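Dear colleague,

Here is the structure I said I would pass on. My notes on it follow below.

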Amino acid sequence: MLNVTFDSALRVFHLTNGAVSYVMRLYHEGYLAHLYYGKALPEPLNVESFFYETEREGAPQPHGHEFPRLFSLDTLPQEYPGVNAGDFRLPALEAAFDNGSRCVDLRYVSHRVLKDKPALTGLPAVFAGDRDSLTLEITLKEVAGELEVRLYYTLIEGLSLILRHSEIRNTGSKPLYLNNAASLSVDFLEADFDILSLYGAHANERNVERQPLKHGIEEISSTRGATSHQHQNFVALLRHDVTEFSGELYAATLVWSGNFKAAIERSSFDNTRLTLGINDKGFNWYLEPSECFTTPEAVLVYSDAGLNGMSQTFHTLVREHLTRGQWSHALRPVLVNSWEAAYFNFNEESIVRFAKDAVNLGAELIVLDDGWFGKRDSDTCSLGDWDRIDTRKLPSGLKGLADKIHALGAKFGLWVEPEMVSPDSELFRAHPDWALGVQGHSRSQQRNQYVLDLSNPEVRDYIVRVISAVLSSAPIDYVKWDMNRNLSEVGSPAFPACRQGEIATRYTLGVYDIMERITGAFPHILFESCAGGGRRFDLGLLYYMPQVWTSDNTDALCRQRIQYGTSLIFPPQTMGAHVSACPNHQVGRVTPLITRFICTASGTFGYEMDLGRLSPEDKEEVRAQIALYKELRETLQRGAFYRLISPFEGTRNETAWMHISEDGAELIAMYFKMQAEPAARLRRVRFKYLEPQARYEVVSHLHSSTPVHNIYLKEHNLKGQVFSGAQLMSAGITADRIDADAASCMWVLRRVD
Ligand code: GLA
C-alpha cells in the first residue's frame, strides 16, 4: 500500500499509504505546490482537477509571468512558502542574508525516497517501529543560492497521518540568520472550517474550544519556553459538520516542548494556510556557512471519522511510535504520592508510616515528592542542591528510606526538578552565571526560582552528573521530573551576541539532551514528567518519559474536563491521575470518594493523600478500589479509549467515556454528572465499537451513592444482567438516578460468548 510516485512528465508527487494521499506538483521554474492531502486516492490521478491558475487583482506575477497574469505565488497553494517574493500570506521560512537580502524564494532541485524513517539529530521524533514507512525528501534552493532546504514527508503503514520536518542549510559563503523556520505549512483551497484548540491555565489545562475560522490570521502559541499551560501545541481544522464520531478534519501537533506557534490564515480568496513550528518570536538562529538547522517534527493527522478517529490515530502514534523503553508498554504500578499528603512537612518516620498504611491497602509504589534535599522546608530555597540530602528529615539518607519502603514490598519513587535553581542555594552561590539571564537586566523570579541555562553544555553535564549520582545512590524505581516556571530574561553568557536568539530553542534541545542521557542510563526507572502539572504535556517529552502529571488540579470535577481535553491527543496511560483528599486542595470542593476513584481510574492511577488518616470505612473503600483497579488495569491502561459525552458541549454538566480491552472482551464505561438537577431526565449512555451480535454481562456496577466495597447495597444494580452489543450501542444503559452533586457511575461488562 505504501507508495511514493513521481510522474516526471506532469511533475507530480503522490505519496500514499492506503489511508491518506498527499499530492504535490512542480509548477513552472520549480515552484513546489500543494495539491491535496486527505483520504487515500487511487492511481491514476487526474491532476488537472486539483487547481488552476487564475488572475487575482493584487497578486504579483513573478518575473517571466507578467502576461497572462495568471500565475502568482500569492494564490499558489505552496508546500514551504518563502517571504518577500510575492506571497503575502504566512511564510514558512524567513531569513536575513549577509548582503541585506530578506528575500526567500525556493525552487525545486531534486528528490529521493528513503526506505527508513530518518531520525532527527538531537530531537525527539516518531519512529516507524514494526510498521513499514516511506519518506520523500525534496531539496529546494533559494534562488540567490545561499540557502538550501530539505523537506521530509513520511508515511507509516496504516496510520492516517503524515510526518513533516525540514532541514535548512547555509550553502553560501557568509553567515545568515534564520528568523522563522516552520516544521509544517499546508494550504487548503477552501476555508469552511472550524478551528479546534486546547487552551488553559495552571490547574485548568486543555479546555476544548471550537469556533468558526475567520478571515485574517489566528494564532495559538507559546513564548514561555515550554509548550505552556495556556495553549497546547495543537490545532485542528474541522469541517463544520464534524462531530465526535463523524466528519472530516485535519489536526496538527509538534514533537516539541518549547516555544511554538500555530498560525492559520484565511485569505481574502477563501483559502487557508496552516503553519506550525517553533515560534518565530524570540527565535533568531545564526547559521554559519554549511551549518544546518533541523526543525522539530510535525504530525498532521487526517480523520474522516470525527474527533474520535483523530484521537485513535494519535493514541496509536503515542503508544507504538513514540514512547520508548521498558515502561512504554508495561502496566503501571498503583502509586501513592506524598505531596498533597504532607507537602514539605515529613521525615523518615512519617514517610515510612505513610508508606505502610498505603501498602496495607494495596499500593505498589511510594513517591516522596518535593522537600528531601538542602533545607527545603518551603519553595524558597535549595533547588539545585541535589547532592545535599536533608538528613534532618531523612537521617538514614535516601538509601535508608528506599530500603525501608522496599522492605514493605513496594517500589520507591522520588521527585526532582533538575532544570531549576533557587537563588538561595549552594549551586547558585557557586555558579551565578549558570542561570539564564541577560546582561544589564536583573532576573525575574517565579516560585522563587531561576531557570538553569541548559544551552550551556557545562551546565548540562553538571545536571547529568548530579542527578545520576542521586539515582545511583539508592534503589529508586520511579522519578517525577518537574519543571516549575516559565522562561524569562532568556540569554546565555555561553554564547556570543549573534547567537542569543537561539537560547530558548537551545534550552529545549538541552532538556532533550539531559533526558536522553539520564533515561538511557537508568532504563529500569519509570519516569513521569511534570511541569507544574501539564505545562509540558506534549509529544516531545513523551519520547523520553512515558507518562505525565496531567495537572496540579486533582479535583474530580475539574479533572473530568482536563482529562477529556487531554485525551484528544494523548492515551490514558500517559495521564498521571491521583485521588486526593477532601475538601480538595485546589478548589475546596467535597466530592464522593467513588467519583474521585472513577475519574482517576482512567489515568495512571494513584493516591495523593495520607491514607492512614482515613476513617476505617474509607480505608475499606480504598482497599476495594485498589483491588478493583488492579483487576481492570490491563483494559484501562492498554485498551482503546472513546469519549461518549463531552463536558464542553450541551449541558456542560455531564461527561462519559469508555475503555475497551485490546481483545474487545472487556468494556469499562464511566459516567459523571457534575451538579444534581431538579426534575432531571434519565440519561442513556450509549456505547461504541462493540460487536453487535456479541453478548456482554455486567460484572460490576458502581455508583457514587454506594461504596465500592459494598456495591450490592445498590437498589438497581445491573450486576449479572446481559445485553447484546447492538442494544448497548443503540439503546445504551440508563444511568442511575442522580440526587447529588459530583455523582458518577461505572459499568464493567465482559463478553459472554
Ligand atoms: C509542582 C508539581 C506538584 C508538586 C510540587 C512540588 O507544583 O506539579 O505536583 O510536585 O511542584 O513542589
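The accessible surface of the chain is about 26800 Å², and carbon and sulfur atoms account for 48% of that area. Please keep in mind that this is a predicted model. On burial, 63% of the 753 residues in the chain count as buried.

As to overall build, the chain holds twelve helices and 38 strands. Its radius of gyration is 27 Å, close to the 27 Å that the globule rule gives for 753 residues, so the chain is as compact as a globular protein of that length. Taken along the principal axes, the box filled by the C-alpha atoms is roughly 85 × 70 × 45 Å.

Two packed helices are described by the distance between their axes and the angle between them. For helix α6 (residues 457-473) and helix α7 (residues 503-521), the axes come within 10 Å and cross at roughly 30 degrees. The crossing of α6 past α7 is right-handed.

Which residues meet there, in α6 and in α7? From α6 they are Arg460, Asp461, Ile463, Val464, Ile467, Ser468 and Leu471; from α7 they are Gly510, Asp513, Ile514, Arg517 and Ile518. Sorted by class, this contact between α6 and α7 comprises six nonpolar, four charged and two polar residues.

Regards

Technical notes:
Residues are numbered from 1 along each chain as its sequence is written. This is a predicted model: local features need pLDDT of at least 70, side-chain atom pairs count only at pLDDT 80 or more; totals for chains, interfaces and linings use all residues. Side-chain values use heavy atoms; hydrogens and water are left out. Axes are lines fitted to C-alpha atoms, for helices over the stretch in contact, and angles run from 0 to 180 degrees between N-to-C directions. Helices (H or I, at least four residues) and strands (E, at least two) are DSSP runs, numbered from the N terminus. A crossing is left-handed if the near helix is turned anticlockwise from the far one by less than a right angle, and right-handed if clockwise. Contact means heavy atoms within 4.5 Å. Ala, Val, Leu, Ile, Met, Phe, Trp, Tyr, Cys and Pro count as nonpolar, Asp, Glu, Lys and Arg as charged, and the others, Gly among them, as polar. The radius of gyration is taken over C-alpha atoms; the globule rule is 2.2 Å times the number of residues to the power 0.38. Buried means under 20% relative accessible area, exposed over 50%, partly exposed in between (1.4 Å probe, protein chains only). Accessible areas come from the Shrake-Rupley method with a 1.4 Å probe; for residues, only the protein chains shown count as cover.
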